[in-house]
Amino acid sequence: MYTNEDLNFAVKKGIFTACAVDEFRAQLESDKKTHFADEENFRLVSSFNDIFVVIACALLLFSSLWVGEGIREGLGGLIFALLSWLLAEVFTLKRKMALPSIALLLSFIGGVFSFCLSLFDDPAELAFIIASTVSAFAAWLHWKRFGVPITIAATTAALTTLIVSIVLSLFPDTKAYMLFAFFLCGIVIFSFAMYWDSSDITRTTRKSDVAFWLHLLAAPLIIHPVFTGLGIFEGNEDLGNMLVVIVLYIFMTMLSIIVDRRAFMVSSLAYVIYAITAILNEIGGVGLSFALTGIFLGSALLVLSVYWHSIRAGLLGRLPLNVQRYVPKIN
């Protein structure tokens with residue numbers, strides 16, 4: 001029920017001492033036989049009331065969208081965005097509810113983006129440039145007012161869309177290099193996420209939540225272009241390509257362990273399941289390939305979860321000290 005931000009707030013107000021809170025966290029780690037930073041905690045649902053409020057907000061917002069669009073095309077998006085902001089004044093600023101805050105931020109940005117596109121009869125690159133610019137600015141205003149952690153990732157996504165739209169508008173021939181462009185954007189966003197992570201390696205403040213959402217955004221931008229570039233979805237399923245996929249997944253797993261973030265493993269899991277299934281089919285495991293893959297990967301991930309801390313300790317011990325200081329320490 002109480003988050004790290006709540007505990008930090010209590011320390012700031014003098015209700016608890018910083019030493020008492022540190023001892024409390026250490027005791028919980030000892031009791032649960034885990035390490036707090038390794039758990040990758042972030043606020044999503046604090047109670048069923050969060051889900052109840054999200055359902056109610058969705059009913060109100062989408063009904064208003066429908067009515068607004070019935071009055072005038074494009075008006076629905078504006079009403080959608082304005083209502084999202086007003087609801088955030090209550091459920092984000094005053095009630096500090098996690099899931100409604102995330103939903104209302106996304107609906108606000110979506111409403112702004114939709115409204116901006118509706119101003120153009122034939123949306124093209126210019127329309128997306130203007131819509132992305134306004135959405136990024138709107139997300140920044142939302143961050144300044146409400147400080148919802150996912151806002152930084154939403155702003156970054158809007159800026160990424162803006163950059164891609166500008167490049168396509170100025171250089172139409174670059175469309176063939178979009179996979180590489182998204183890969184570079186993913187690397188930049190990953191570096192940005194590590195900036196937030198390195199400023200809170202104990203994972204006890206809101207900065208850690210900001211980094212979590214940025215990692216979740218960066219992972220598919222890095223992984224999808226790599227795997228798509230191999231031609232897997234175009235029928236290029238030879239054994240060599242599938243082995244490359246597995247090697248890349250092992251690399252992404254090691255990176256996930258080092259930075260103590262599971263986003264890369266989760267985002268690329270579908271690719272490696274596909275690759276292992278294809279390899280088993282190649283060697284004659286037709287019919288049971290998918291099931292065998294699930295058993296193998298499921299077991300491996302569960303073992304990894306149990307020994308996560310020990311494996312991290314082994315990997316970090318082999319890294320330079322100037323790299324170790326940017327990731328959570330081993331206690």
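This is a short tour of the chain, from the whole view to two spots on its surface.

The model is predicted, so to speak of local features a pLDDT of at least 70 is needed, side-chain atom pairs count only at pLDDT 80 or more, and totals for chains, interfaces and linings use all residues. Residues are numbered from 1 along each chain as its sequence is written, and side-chain values use heavy atoms, with hydrogens and water left out.

**Whole chain.** Select everything and show the cartoon: you have 15 helices and zero strands (DSSP runs numbered from the N terminus, helices being H or I of at least four residues and strands E of at least two). The C-alpha trace spans about 60 × 60 × 40 Å along its principal axes. Of the 331 residues, 41% are buried (under 20% relative accessible area; exposed is over 50%, partly exposed in between, with a 1.4 Å probe and protein chains only).

**Nonpolar patch.** Next, select Leu44, Val45, Phe48, Ile51, Phe52, Ile55 and Leu59, a nonpolar surface patch with about 690 Å² of accessible area together (Shrake-Rupley method, 1.4 Å probe, only the protein chains shown counting as cover for residues). Patch residues have over 30% relative accessible area and no salt bridge, with nonpolar side chains joined within 5 Å and like charges within 9 Å; a salt bridge is a side-chain nitrogen of Lys or Arg within 4 Å of a carboxyl oxygen of Asp or Glu. Zoom in on Leu44, in the loop between helix 2 (18-32) and helix 3 (48-71). Leu44 counts as partly exposed because its relative accessibility is 34%.

**Negative patch.** Finally, select Glu69, Glu73, Asp121 and Asp122, which gather in a surface patch of negative charge (Asp and Glu count as negative, Lys and Arg as positive, while His and the chain ends are not counted; the charge is placed at CG of Asp, CD of Glu, NZ of Lys or CZ of Arg). Glu69 sits in helix 3 and is partly exposed, at 35% relative accessible area.
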